[in-house]
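The sequence and the model are shown below.

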Amino acid sequence: MTQSPTIARGGGNKPSAPARHRTPQGRAKGSGMPPWLIPYVLLLPGLLVIAGLLMWPMVQVVIMSFQKVGLPQIRGTRPAEYVGFENYTKIFENDLFWTSLRNTVVFAAVTVTLTLVLGTAVGLLLHKLGKAMSKVLIIGLMSAWAVPPVSAAIIWRWLFDADAGIANWLLNLLPDWLSQALFGQADWSGHPWLNDTVTIYLILILCVLWASFPFISVSVLAGLKSIPSELYEAAKVDGSTPWRTFWKVTFPLLRPVFAVLTILSIIWDFKVLAQLLILAGQTNREAYNLSLYAFTEAFNAPPKMGSGAAIAVVLTLILLVITFVHVRQMVKQGDELR
């Protein structure tokens with residue numbers, strides 16, 4: 001009697017186990033792709049969209065800043081002419097550029113400071129309120145923040161209109177002696193608020209502040225929700241005042257939040273265009289900021305898109321330098337706290 005081949009090999013009666021398909025070590029299961037490569041592949045569609053919508057137009061603006069681009073180039077009857085740094089030389093030699101730069105920096109410094117202070121104060125107030133009242137106020141604040149810049153500028157232009165503005169109407173309600181003592185005049189009928197550069201920027205600050213501080217408030221409120229209540233209880237037990245508690249407990253823990261909000265506010269306020277264009281128009285050149293100056297150079301007749309692009313590049317470089325310095329300072333402070 002012949003033995004079964006399986007028994008003869010000493011395999012017994014156990015059936016042979018099926019072969020297992022093992023994935024190569026260091027590769028994603030079922031994809032044949034290294035795991036370290038997967039995040040980059042998933043980010044690729046978003047990076048392509050960002051490159052198409054942001055990076056490519058930015059490259060085009062930089063190229064245009066070294067060219068002469070006017071009506072013939074826009075119509076396609078003549079190719080763009082390379083002029084080197086001529087556009088930059090012209091804007092730096094123009095007094096209007098330095099006036100616009102001064103207006104931009106002063107406005108941004110004042111507005112960013114007021115926005116952060118008011119937004120933080122409102123955020124602290126919202127944190128102290130109950131849930132129901134806090135939600136009502138948040139909805140109201142975010143409604144103001146959601147108003148488009150053009151609509152907000154139209155509202156504030158109407159408020160300070162010389163003939164039908166509420167500001168003049170309210171000031172005329174004051175007693176003549178009080179109005180004279182406070183402002184130096186008693187009759188406010190037809191007062192042209194939007195004809196003076198200083199008052200234009202005061203109204204612009206109010207307009208931007210009204211629309212910007214709600215975002216700061218809600219962001220600060222979200223940061224406050226993450227701070228353990230035990231820290232505040234310990235500070236209260238130690239006899240710390242509210243002001244000291246804010247600087248010793250709240251502010252250090254919310255430093256990253258304030259850093260991001262500061263950078264965003266600087267970028268937004270440096271680039272204000274629609275509100276100033278509606279409030280001041282393009283006739284008062286003393287009220288220009290860099291954004292309005294670039295817009296006027298690029299689109300007013302005769303259009304000088306090369307000069308407008310050069311101004312836009314200078315504004316972008318200023319923002320990049322400010323952002324780099326601020327982020328570097330954040331990193332240093334973070335390393336010191338470790």
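## Nonpolar cores

In the largest nonpolar core, which has 49 residues, I91 and L204 touch the most other members. Helix α10 (residues 197-225) contributes the largest share of this core, namely 10 residues. A nonpolar core is here a set of buried Ala, Val, Leu, Ile, Met, Phe, Trp, Tyr and Cys residues joined through side-chain atoms within 4.5 Å. Buried denotes a relative accessible area under 20%, exposed one over 50%, and partly exposed the range in between (1.4 Å probe, protein chains only). In soluble globular proteins, nonpolar side chains tend to be buried together.

Apart from its neighbours within four places in sequence, I91 is in contact (heavy atoms within 4.5 Å) with F97, Y293, S307, A310, I311 and V314. A second, separate core consists of six residues, including V122, L126, F213 and L221.

## Basis of the model

The model is predicted: local features require pLDDT of at least 70 and side-chain atom pairs count only at pLDDT 80 or more, whereas totals for chains, interfaces and linings use all residues. Residues are numbered from 1 along each chain as its sequence is written, and side-chain values use heavy atoms, with hydrogens and water left out.

## Salt bridges

A salt bridge is defined as a side-chain nitrogen of Lys or Arg within 4 Å of a carboxyl oxygen of Asp or Glu. By this rule there are two salt bridges. One joins the side chains of K90 and E86, with an N to O distance of 3.0 Å. These two residues are four apart in helix α4 (residues 86-93), and therefore about one helical turn separates them. K90 is partly exposed at 48% relative accessibility, and E86 is partly exposed at 36%.

K304 forms a salt bridge with E297, where the closest N and O atoms lie 3.6 Å apart. K304 is partly exposed, with 41% relative accessibility, while E297 is buried at 12%.

## Overall make-up

The protein chain contains 16 helices and two strands; these are DSSP runs numbered from the N terminus, with helices (H or I) of at least four residues and strands (E) of at least two. Of its 338 residues, 32% are buried. Among contacts between residues at least 6 apart in sequence, 63% join residues at least 24 apart.

The chain exposes about 21800 Å², of which carbon and sulfur atoms supply 67%. Accessible areas come from the Shrake-Rupley method with a 1.4 Å probe, and for residues only the protein chains shown count as cover.
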